Amino acid sequence: MNCAEYQGLLVAYLEGLLTDSQKQAVEEHVKQCETCRTELEGLQTLQQRLVGNGKALAQSDLEEQVMNRIIREQSARLKSAGQAGMGLRLRRLIMKSGIVKLAVAAAVILAAAGGIFLWTSTKSGVALADVLAKMEQVQAFIYHMDNHMKMTGPGAAPAEVDVKMTWLIADGYGMRMDASVPDPATGQMVEEQTYLLPEQKVMLTLTPAKKQYERMMLDDVALQKQKDESSDPRRLIREMLAAPCKDLGKTVLDGVEVQGFRTADPAFTGGLRNSDTTLWVDVKTWLPVRMDVKLKVNEQMEMRISQYGYQWDVPLSAAQFHPVIPPDFTAGVADGMKIPAMTEQGAIEGLQFCIEFLGKYPESLDPGEMMKMFQSLQANPTPAMKKLMQEAAQSKSVEEGTARTMKAITPLQSLMMFHMSLVAQKKEPVYYGKIAQPGDIAQILLRWKTGENEYRVIFADLHAATVDADTLAKLEAGLPK
Amino acid sequence: MMENDRYYVERCLDGHPDDFRHLVRRYQPVLLAHLAGKLGSRDRAEEAAQETLVRAYFKMDTLKKPESFFAWLLGIADLVAKEEQRKELIRRRRESACASVEETPEPEFSQDFSLEAAVAALPEAYRTVILLRYYGGLSCSGIAKQLDMPLGTVTKTLSRAYALLRDSLQGRTVSEVQQ
């Protein structure tokens, strides 16, 4: 090797990247050659100078100053969200949060729709029936519920959402939920109180930190469901009884002797196949101590719901269930939104939504599949979807963007939840979205059982009719199952 | 464990603003070196670095490729530096217009201003490698990974950057001697 070649190796030598034999050769050569030695020393001097300067600059600490400035500006920008220039707009979250709420709705509804009392037919039915009997004597109770959701997209960082809730339920008064939910814009936890007001057919949410209120309109079906189902543990126990469940035997939990029951029945979760529910009951009082639901909606979304800290027969006053909206509170962007209608009409509107946004019927009504479909639609949007995404992105605030998306996809939620309720009620729903052509007046699209020898059918042109078993058989003759 | 830039960018976009601090920590020396060379004062470099990071945070939703966060950040820093330089120019003009010859304050040079200026004057490809190696704390293979180039190219670029730096520093020394 000549000097030029040796000099070409000097940087690699200084970086310790040479093989032992190369390294030795360089060292030998530098000993003998003054030019190359001078070159090496020159490089070392420069390196030391750079290292020294780098160290000096690393001593400055901008971290706290930058983070404080970001927090200050973030809140200032959020306050003046009506004006141009907002906080960091969480575009991905805006689009996702429709799905997040979809999933929350699915989770709330998962236990909601059952209602058929089959407990006598289950093996452990006798013991569980005791639990239920005890619970129905309880007048007012409180419990805690933690909802943890984890979403992963291809190549994206996992997003996790934690919601902590305390439920107050009193037979005579109604329902109230105090929740701590992460603000989509800042990630900070925000306190909310939600009241179910049956007379006004409204669900009211107060957010004191934002001096804001939001009312969600309930229709009669939704009202009934919200009122006596959703997060009422008594309801969950009925659901549990309706499903084939396993007796886990006795153990001790938080110092209390408990007996466990477990089910993975998809009907329990409205057709979600990957679910696992465990319920622990105090063997002395036969009241629930803890309940855990694990749900895998699809490969991208998992949920964990825990209920615990039950307090039975607590004195609750009527005032706790009657909200007062302080005069300086203003309506939030979601104010006036409708809760998705879990009715046949709601389902038909959902199917119409699919034609508009997909150009066809979805292949499956499984929530996981529907979510995937909606996500792929975001990557490769149809004109209707593009419009929706643009509107959300142009919103004045994160909340407004979320509210717009939510409002737009309400029919889709109705469809999904209606189908889940049919599964949970074991009404034998069958859906033919894979083969149905929009507009076909004779093609069956969705059917379910409504009585002995009686079925309800939604056709591909979206009219609905009640038919008997023979007619249904003719309609389905020749169709793939 | 340290995650890559993409991870933290997406965490921020998913509503975890606090994770931005990892990016601040990772790039503050690089930014300071980059800006000190351009602005000639440690204080001004710190101010400009702060401004750059805050702007970057609020613009993050416009970042198309989260993995090229660093290059994008330097782009913002260049913009901030240009604005600063213009402000400085206006200030100087105003001062010289007001003949009340106030002594122009000595520019407060950071420790090794000639080195920082020489780094700032490097063509971009060389500057990036020097910044990452000495101010971003990356090894050569780390740089190869971050810039997606072969290791051999990194050492060659580094070698050329040293040569340019030494030329520039020697030139400066000569002119300093002449003064």
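Visitor: Is the crossing of α1(A) and α3(A) right-handed or left-handed?

Guide: The crossing of α1(A) and α3(A) is right-handed; the term applies when the near helix is turned clockwise from the far one by less than a right angle, and left-handed when anticlockwise. The model is a predicted one, in which local features need pLDDT of at least 70 and side-chain atom pairs count only at pLDDT 80 or more, while totals for chains, interfaces and linings use all residues. Residues are numbered from 1 along each chain as its sequence is written, chains are lettered from A and ligands numbered from 1 in the order in which they are written, and side-chain values use heavy atoms, without hydrogens or water.

Helix α1 covers residues 3-14 of chain A and helix α3 residues 34-58, helices being DSSP runs of H or I with at least four residues, and strands runs of E with at least two, numbered from the N terminus. Their axes come within 10 Å and cross at roughly 25°; axes are lines fitted to C-alpha atoms over the stretch in contact, with angles from 0 to 180 degrees between N-to-C directions. The two helices are therefore roughly parallel to each other, a label for angles under 35 degrees, whereas over 145 is roughly antiparallel, 65 to 115 roughly perpendicular and the rest oblique.

From α1(A), the residues C3(A), Q7(A), L10(A), Y13(A) and L14(A) meet T35(A), C36(A), E39(A), L40(A), L43(A), Q44(A) and Q47(A) of α3(A), contact meaning heavy atoms within 4.5 Å. By class, this contact has seven nonpolar, four polar and one charged residues (Ala, Val, Leu, Ile, Met, Phe, Trp, Tyr, Cys and Pro are nonpolar; Asp, Glu, Lys and Arg charged; the others, Gly among them, polar). An α-helix has 3.6 residues a turn, so residues three or four places apart point the same way.

Of the 481 residues of chain A, 52% count as buried, that is, under 20% relative accessible area with a 1.4 Å probe and protein chains only, with exposed meaning over 50% and partly exposed in between. Elsewhere in chain A, D276(A) lies in strand β9, residues 274-282, and counts as buried because its relative accessibility is 18%. Beyond its neighbours within four places in sequence, D276(A) is in contact with R262(A), T263(A), D292(A), V293(A) and K294(A). The C-alpha atom of R262(A), 14 residues away along the chain, is separated from that of D276(A) by 7.3 Å.

Chain B contains eight helices and zero strands, and buried residues make up 49% of its 179 residues. Helix α2 (residues 20-39) and helix α6 (residues 124-135) of chain B have axes that come within 8 Å and cross at roughly 125°, which means that α2(B) is oblique to α6(B). This crossing is right-handed. P29(B), V30(B), A33(B), H34(B) and K38(B) of α2(B) make the contact with R127(B), L131(B) and Y135(B) of α6(B); these divide into five nonpolar, one polar and two charged residues. In helix α5 (residues 113-121) of chain B, eight of the nine residues are buried, among them F113(B), L115(B) and E116(B).
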